[in-house]
Amino acid sequence: MGHMHGGPQAPAPQPLKGVANVIAVGSGKGGVGKTTVSVNLAIALAKLGHRVGLIDADIYGPNVPMMMGQTRQPAIVGDNRIEPLESFGVKFISVGLISPGDKPLVMRGPMLHQIIRQFLQQVEWGELDFLIVDLPPGTGDVVISLVQTVPLTGAVVVSTGSGVALQDARKALEMFHQVNVDVLGLIENMSRMTLPNGEVLDVFGTGGTARTAREYGLPFLGEVDLNPEIREGGDNGKPVALAGPDYALAKGFYSIAQQVVDRAKAVTAKQEDVFEIS
(Lines give C-alpha, C1' and ligand atoms only; values in the text may rest on other atoms or scores of the structure.)
Protein backbone atom coordinates (compact mmCIF):
# COMPACT_ATOMS: atom_id res chain seq x y z
CA MET A 1 0.00 0.00 0.00
CA GLY A 2 3.09 2.22 0.05
CA HIS A 3 2.13 3.74 -3.29
CA MET A 4 -0.56 5.91 -1.67
CA HIS A 5 2.08 8.09 -0.07
CA GLY A 6 5.22 8.81 -2.08
CA GLY A 7 8.62 8.29 -0.49
CA PRO A 8 9.93 5.08 1.03
CA GLN A 9 7.79 1.96 0.80
CA ALA A 10 5.69 1.39 3.93
CA PRO A 11 6.47 -1.95 5.58
CA ALA A 12 3.90 -4.63 4.69
CA PRO A 13 1.07 -5.06 7.20
CA GLN A 14 1.86 -7.78 9.75
CA PRO A 15 -0.80 -10.12 11.17
CA LEU A 16 -1.20 -9.86 14.95
CA LYS A 17 -0.06 -13.01 16.70
CA GLY A 18 -3.05 -14.79 18.20
CA VAL A 19 -5.68 -12.57 16.56
CA ALA A 20 -7.75 -14.38 13.93
CA ASN A 21 -9.90 -11.56 12.50
CA VAL A 22 -9.57 -7.79 12.54
CA ILE A 23 -12.82 -6.06 11.57
CA ALA A 24 -13.22 -2.32 11.10
CA VAL A 25 -16.54 -0.60 11.76
CA GLY A 26 -16.84 2.60 9.77
CA SER A 27 -19.36 5.17 8.64
CA GLY A 28 -19.29 8.02 6.19
CA LYS A 29 -20.57 10.55 8.69
CA GLY A 30 -20.86 11.05 12.42
CA GLY A 31 -24.03 10.66 14.43
CA VAL A 32 -25.18 7.38 12.87
CA GLY A 33 -24.53 5.36 16.03
CA LYS A 34 -21.43 3.59 14.80
CA THR A 35 -19.96 3.19 18.30
CA THR A 36 -23.27 1.82 19.64
CA VAL A 37 -23.13 -0.77 16.87
CA SER A 38 -19.43 -1.57 17.53
CA VAL A 39 -19.95 -2.05 21.29
CA ASN A 40 -23.13 -4.13 20.99
CA LEU A 41 -21.61 -6.19 18.18
CA ALA A 42 -18.53 -6.91 20.33
CA ILE A 43 -20.68 -7.93 23.32
CA ALA A 44 -22.94 -10.09 21.14
CA LEU A 45 -19.89 -11.86 19.65
CA ALA A 46 -18.54 -12.50 23.18
CA LYS A 47 -21.91 -13.84 24.35
CA LEU A 48 -21.96 -16.14 21.31
CA GLY A 49 -18.77 -17.68 22.69
CA HIS A 50 -16.06 -15.85 20.72
CA ARG A 51 -12.96 -14.23 22.22
CA VAL A 52 -13.33 -10.53 21.46
CA GLY A 53 -11.29 -7.35 21.63
CA LEU A 54 -12.44 -3.80 20.82
CA ILE A 55 -10.25 -0.87 19.83
CA ASP A 56 -11.81 2.57 20.12
CA ALA A 57 -9.92 4.40 17.37
CA ASP A 58 -12.41 7.27 17.22
CA ILE A 59 -10.08 10.05 18.30
CA TYR A 60 -12.74 12.75 17.99
CA GLY A 61 -15.35 11.16 20.25
CA PRO A 62 -13.97 8.14 22.09
CA ASN A 63 -17.25 6.97 23.70
CA VAL A 64 -16.38 3.30 24.17
CA PRO A 65 -15.23 3.64 27.84
CA MET A 66 -18.55 5.21 28.86
CA MET A 67 -20.52 2.50 27.06
CA MET A 68 -18.35 -0.25 28.54
CA GLY A 69 -18.76 1.26 32.02
CA GLN A 70 -15.03 1.71 32.74
CA THR A 71 -12.82 4.74 32.53
CA ARG A 72 -9.71 3.86 34.54
CA GLN A 73 -6.32 4.15 32.86
CA PRO A 74 -4.94 0.85 31.55
CA ALA A 75 -1.97 -0.64 33.39
CA ILE A 76 1.43 -0.92 31.77
CA VAL A 77 2.80 -4.45 32.11
CA GLY A 78 6.08 -6.17 31.33
CA ASP A 79 8.14 -4.57 28.62
CA ASN A 80 6.07 -1.43 28.09
CA ARG A 81 2.97 -3.42 27.12
CA ILE A 82 -0.56 -2.12 27.70
CA GLU A 83 -3.07 -4.26 29.61
CA PRO A 84 -6.51 -3.77 28.03
CA LEU A 85 -9.54 -3.19 30.24
CA GLU A 86 -12.25 -5.84 30.20
CA SER A 87 -16.04 -5.51 30.44
CA PHE A 88 -18.72 -8.09 29.66
CA GLY A 89 -16.09 -10.53 28.41
CA VAL A 90 -14.71 -7.99 25.90
CA LYS A 91 -11.14 -6.69 26.17
CA PHE A 92 -10.95 -3.05 25.11
CA ILE A 93 -8.69 -0.05 24.75
CA SER A 94 -9.60 3.53 23.91
CA VAL A 95 -7.99 6.86 23.18
CA GLY A 96 -10.42 8.11 25.83
CA LEU A 97 -8.58 6.09 28.49
CA ILE A 98 -5.27 7.62 27.58
CA SER A 99 -6.46 11.22 27.54
CA PRO A 100 -9.19 10.99 30.16
CA GLY A 101 -11.74 13.73 30.68
CA ASP A 102 -13.25 16.09 28.17
CA LYS A 103 -10.07 17.42 26.62
CA PRO A 104 -10.36 16.90 22.88
CA LEU A 105 -7.32 15.38 21.27
CA VAL A 106 -5.87 17.38 18.45
CA MET A 107 -3.70 15.04 16.49
CA ARG A 108 -1.59 15.11 13.40
CA GLY A 109 -1.28 12.19 11.00
CA PRO A 110 2.01 10.74 12.29
CA MET A 111 0.79 10.87 15.90
CA LEU A 112 -2.43 9.07 14.91
CA HIS A 113 -0.41 6.43 13.13
CA GLN A 114 1.63 5.90 16.29
CA ILE A 115 -1.47 5.43 18.45
CA ILE A 116 -3.14 2.99 16.06
CA ARG A 117 0.09 0.98 15.82
CA GLN A 118 0.41 0.96 19.60
CA PHE A 119 -3.18 -0.17 20.10
CA LEU A 120 -2.62 -3.05 17.71
CA GLN A 121 0.89 -4.11 18.58
CA GLN A 122 1.58 -3.09 22.19
CA VAL A 123 -1.67 -4.15 23.83
CA GLU A 124 -1.76 -7.59 25.48
CA TRP A 125 -4.67 -8.93 23.44
CA GLY A 126 -3.81 -12.57 23.98
CA GLU A 127 -5.79 -14.99 21.78
CA LEU A 128 -8.75 -13.35 20.02
CA ASP A 129 -11.25 -14.59 17.46
CA PHE A 130 -12.33 -11.04 16.64
CA LEU A 131 -10.74 -7.66 17.14
CA ILE A 132 -13.30 -4.95 16.34
CA VAL A 133 -11.96 -1.48 15.48
CA ASP A 134 -14.37 1.43 15.93
CA LEU A 135 -13.16 4.00 13.39
CA PRO A 136 -13.71 7.75 13.42
CA PRO A 137 -16.50 8.87 11.09
CA GLY A 138 -15.51 9.77 7.55
CA THR A 139 -12.58 8.68 5.52
CA GLY A 140 -8.99 9.38 6.32
CA ASP A 141 -5.75 8.89 8.16
CA VAL A 142 -6.86 6.36 10.75
CA VAL A 143 -8.05 3.88 8.13
CA ILE A 144 -4.84 4.21 6.18
CA SER A 145 -2.76 3.66 9.35
CA LEU A 146 -4.88 0.64 10.18
CA VAL A 147 -4.52 -1.06 6.79
CA GLN A 148 -0.79 -0.31 6.71
CA THR A 149 -0.30 -1.92 10.12
CA VAL A 150 -2.40 -5.07 10.06
CA PRO A 151 -4.25 -7.16 7.44
CA LEU A 152 -8.01 -6.70 7.89
CA THR A 153 -10.53 -9.48 7.44
CA GLY A 154 -13.00 -6.82 6.39
CA ALA A 155 -15.11 -3.81 7.27
CA VAL A 156 -18.70 -3.18 8.26
CA VAL A 157 -20.31 0.12 7.24
CA VAL A 158 -23.02 1.70 9.41
CA SER A 159 -25.54 4.20 8.06
CA THR A 160 -28.99 5.48 8.82
CA GLY A 161 -31.59 5.35 6.08
CA SER A 162 -31.37 9.09 5.42
CA GLY A 163 -30.22 10.21 1.98
CA VAL A 164 -27.43 12.35 3.44
CA ALA A 165 -26.04 9.50 5.56
CA LEU A 166 -26.22 7.11 2.61
CA GLN A 167 -24.37 9.52 0.38
CA ASP A 168 -21.60 9.51 2.99
CA ALA A 169 -21.80 5.74 3.44
CA ARG A 170 -21.00 5.42 -0.27
CA LYS A 171 -17.83 7.44 0.34
CA ALA A 172 -16.85 4.98 3.06
CA LEU A 173 -17.50 2.05 0.69
CA GLU A 174 -15.32 3.70 -1.97
CA MET A 175 -12.58 4.29 0.57
CA PHE A 176 -12.49 0.65 1.71
CA HIS A 177 -12.46 -0.36 -1.95
CA GLN A 178 -9.47 1.91 -2.62
CA VAL A 179 -7.46 0.39 0.22
CA ASN A 180 -8.45 -3.18 -0.81
CA VAL A 181 -10.52 -3.97 2.27
CA ASP A 182 -13.44 -6.37 1.79
CA VAL A 183 -16.74 -4.91 3.00
CA LEU A 184 -18.53 -7.66 4.93
CA GLY A 185 -21.80 -5.77 4.75
CA LEU A 186 -23.88 -2.73 5.64
CA ILE A 187 -26.01 -2.08 8.72
CA GLU A 188 -28.92 0.33 8.96
CA ASN A 189 -28.98 1.88 12.42
CA MET A 190 -31.80 3.97 13.93
CA SER A 191 -34.04 2.33 11.40
CA ARG A 192 -37.61 2.39 12.75
CA MET A 193 -39.08 3.59 15.98
CA THR A 194 -41.98 1.79 17.61
CA LEU A 195 -44.12 4.04 19.81
CA PRO A 196 -45.66 2.76 23.05
CA ASN A 197 -49.03 2.44 21.28
CA GLY A 198 -47.46 0.10 18.72
CA GLU A 199 -47.35 2.69 15.94
CA VAL A 200 -44.15 2.53 13.88
CA LEU A 201 -42.42 5.78 12.94
CA ASP A 202 -40.02 5.86 10.03
CA VAL A 203 -37.77 8.61 11.38
CA PHE A 204 -34.71 8.56 9.11
CA GLY A 205 -36.20 6.57 6.27
CA THR A 206 -35.97 2.79 6.12
CA GLY A 207 -34.72 0.52 3.38
CA GLY A 208 -32.18 2.91 1.88
CA THR A 209 -29.21 1.05 3.33
CA ALA A 210 -30.43 -2.29 1.97
CA ARG A 211 -30.86 -0.64 -1.43
CA THR A 212 -27.34 0.79 -1.29
CA ALA A 213 -25.98 -2.65 -0.37
CA ARG A 214 -27.74 -4.14 -3.40
CA GLU A 215 -26.35 -1.42 -5.69
CA TYR A 216 -22.84 -2.37 -4.60
CA GLY A 217 -23.50 -6.10 -4.60
CA LEU A 218 -22.77 -6.25 -0.86
CA PRO A 219 -24.57 -8.10 1.93
CA PHE A 220 -27.12 -6.17 3.99
CA LEU A 221 -26.58 -7.29 7.58
CA GLY A 222 -29.77 -5.91 9.07
CA GLU A 223 -31.52 -3.06 10.84
CA VAL A 224 -31.25 -1.79 14.39
CA ASP A 225 -34.27 0.12 15.67
CA LEU A 226 -34.18 3.67 16.90
CA ASN A 227 -35.01 3.22 20.56
CA PRO A 228 -34.22 5.29 23.66
CA GLU A 229 -33.40 2.10 25.57
CA ILE A 230 -30.49 1.36 23.20
CA ARG A 231 -29.05 4.82 23.85
CA GLU A 232 -29.68 4.63 27.61
CA GLY A 233 -27.90 1.29 27.76
CA GLY A 234 -24.82 2.91 26.23
CA ASP A 235 -25.07 6.01 28.44
CA ASN A 236 -25.31 3.86 31.58
CA GLY A 237 -22.53 1.46 30.64
CA LYS A 238 -24.99 -1.44 30.23
CA PRO A 239 -25.36 -1.94 26.47
CA VAL A 240 -28.57 -3.63 25.35
CA ALA A 241 -26.74 -6.68 23.91
CA LEU A 242 -26.07 -7.75 27.53
CA ALA A 243 -29.72 -8.81 27.72
CA GLY A 244 -28.95 -11.68 25.32
CA PRO A 245 -30.33 -12.79 21.95
CA ASP A 246 -33.90 -13.37 23.15
CA TYR A 247 -34.40 -9.76 24.19
CA ALA A 248 -36.30 -7.93 21.43
CA LEU A 249 -34.03 -4.87 21.20
CA ALA A 250 -30.87 -6.99 21.28
CA LYS A 251 -32.00 -9.46 18.59
CA GLY A 252 -30.74 -7.28 15.73
CA PHE A 253 -27.24 -7.14 17.19
CA TYR A 254 -27.06 -10.93 17.58
CA SER A 255 -28.28 -11.51 14.05
CA ILE A 256 -25.66 -9.03 12.79
CA ALA A 257 -22.95 -10.68 14.94
CA GLN A 258 -23.72 -14.12 13.52
CA GLN A 259 -23.60 -12.78 9.97
CA VAL A 260 -20.27 -11.06 10.66
CA VAL A 261 -18.91 -14.44 11.86
CA ASP A 262 -20.18 -16.19 8.70
CA ARG A 263 -18.98 -13.44 6.34
CA ALA A 264 -15.56 -13.35 8.03
CA LYS A 265 -15.21 -17.12 7.48
CA ALA A 266 -16.18 -16.78 3.81
CA VAL A 267 -13.82 -13.86 3.20
CA THR A 268 -10.93 -15.56 4.99
CA ALA A 269 -11.40 -18.69 2.88
CA LYS A 270 -11.43 -16.54 -0.26
CA GLN A 271 -8.34 -14.59 0.88
CA GLU A 272 -6.47 -17.84 1.53
CA ASP A 273 -7.34 -19.15 -1.97
CA VAL A 274 -5.92 -16.00 -3.54
CA PHE A 275 -2.89 -16.36 -1.33
CA GLU A 276 -2.21 -19.90 -2.54
CA ILE A 277 -2.46 -18.94 -6.20
CA SER A 278 -0.04 -16.02 -6.05
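# Briefing: salt bridges, helix packing and surface features

The structure holds nine salt bridges. The model is predicted. Its chain comes to nine helices and 12 strands. Of the 278 residues in the chain, 49% are buried.

**The chain overall**

- The chain exposes about 13,000 Å². Carbon and sulfur atoms supply 54% of that area.
- Among contacts between residues at least 6 apart in sequence, 77% join residues at least 24 apart.

**Salt bridge K34–D58**

- The side chains of K34 and D58 form a salt bridge, at 3.7 Å from N to O. K34 sits in helix α1 (residues 34-47), while D58 sits in the loop between β2 (52-56) and α2 (64-68), so the pair ties together parts that are 24 residues apart in sequence.
- Are K34 and D58 buried or exposed? Both are buried.

**Salt bridge R170–E215**

- R170 and E215 meet through their side chains in a salt bridge, at 3.6 Å from N to O. This pair links distant parts of the chain, 45 residues apart. R170 belongs to helix α6 (residues 163-178) and E215 to helix α7 (residues 208-216).
- R170 has 26% relative accessibility, so R170 counts as partly exposed.
- E215 has a relative accessible area of 53%, so E215 is exposed. The cut-off for exposed is over 50%.

**Salt bridge D235–R231**

- The side chains of D235 and R231 meet in a salt bridge, at 2.7 Å from N to O.
- Both residues lie in helix α8 (residues 228-235). D235 and R231 are four residues apart, which is about one turn of the helix.
- Salt bridges that share partners also join K34, D58 and D134 into one network.
- D235 is partly exposed, at a relative accessible area of 36%. R231 is partly exposed as well, at 48%.

**Helices α6 and α7**

- How do α6 and α7 pack, and at what angle? The angle is about 35°, and the axes are 11 Å apart.
- The crossing of these two helices, α6 and α7, is right-handed.
- On the α6 side, the residues in contact are L166, R170, L173 and E174. On the α7 side, they are G208, T209, T212, E215 and Y216.

**Around helix α7**

- Which residues of α7 are buried? They are G208, T209, A210, T212 and A213.
- G217 follows α7. The phi of G217 is positive, near 65°.

**A nonpolar patch on the surface**

- L201, V203 and F204 form a nonpolar patch on the surface. Together they have about 220 Å² of accessible area.
- L201 is placed in strand β11 (residues 200-201).
- L201 counts as partly exposed, because its relative accessibility is 34%.

**Loop residues: G140**

- G140 is in the loop between β7 (128-134) and α5 (141-149).
- The relative accessible area of G140 is 27%, so G140 is partly exposed.
- G140 and M175 are 35 residues apart along the chain. Their C-alpha atoms are separated by 8.5 Å.

- F88 is a residue other than glycine with a positive phi, near 55°.
- The loop that holds F88 runs between β5 (85-87) and β6 (90-94).
- F88 counts as partly exposed, at 30% relative accessibility.
- N180 is not a glycine, yet N180 has a positive phi of about 60°.
- Where is N180 placed? N180 is in the loop between α6 and β9.
- N180 is exposed, because its relative accessible area is 63%.

Notes
Residues are numbered from 1 along each chain as its sequence is written. This is a predicted model: local features need pLDDT of at least 70, side-chain atom pairs count only at pLDDT 80 or more; totals for chains, interfaces and linings use all residues. Side-chain values use heavy atoms; hydrogens and water are left out. Patches are made of residues with over 30% relative accessible area and no salt bridge: like charges are joined within 9 Å, nonpolar side chains (Val, Leu, Ile, Met, Phe, Trp, Tyr) within 5 Å. Accessible areas come from the Shrake-Rupley method with a 1.4 Å probe; for residues, only the protein chains shown count as cover. A salt bridge is a side-chain nitrogen of Lys or Arg within 4 Å of a carboxyl oxygen of Asp or Glu. Buried means under 20% relative accessible area, exposed over 50%, partly exposed in between (1.4 Å probe, protein chains only). Axes are lines fitted to C-alpha atoms, for helices over the stretch in contact, and angles run from 0 to 180 degrees between N-to-C directions. A crossing is left-handed if the near helix is turned anticlockwise from the far one by less than a right angle, and right-handed if clockwise. Contact means heavy atoms within 4.5 Å.
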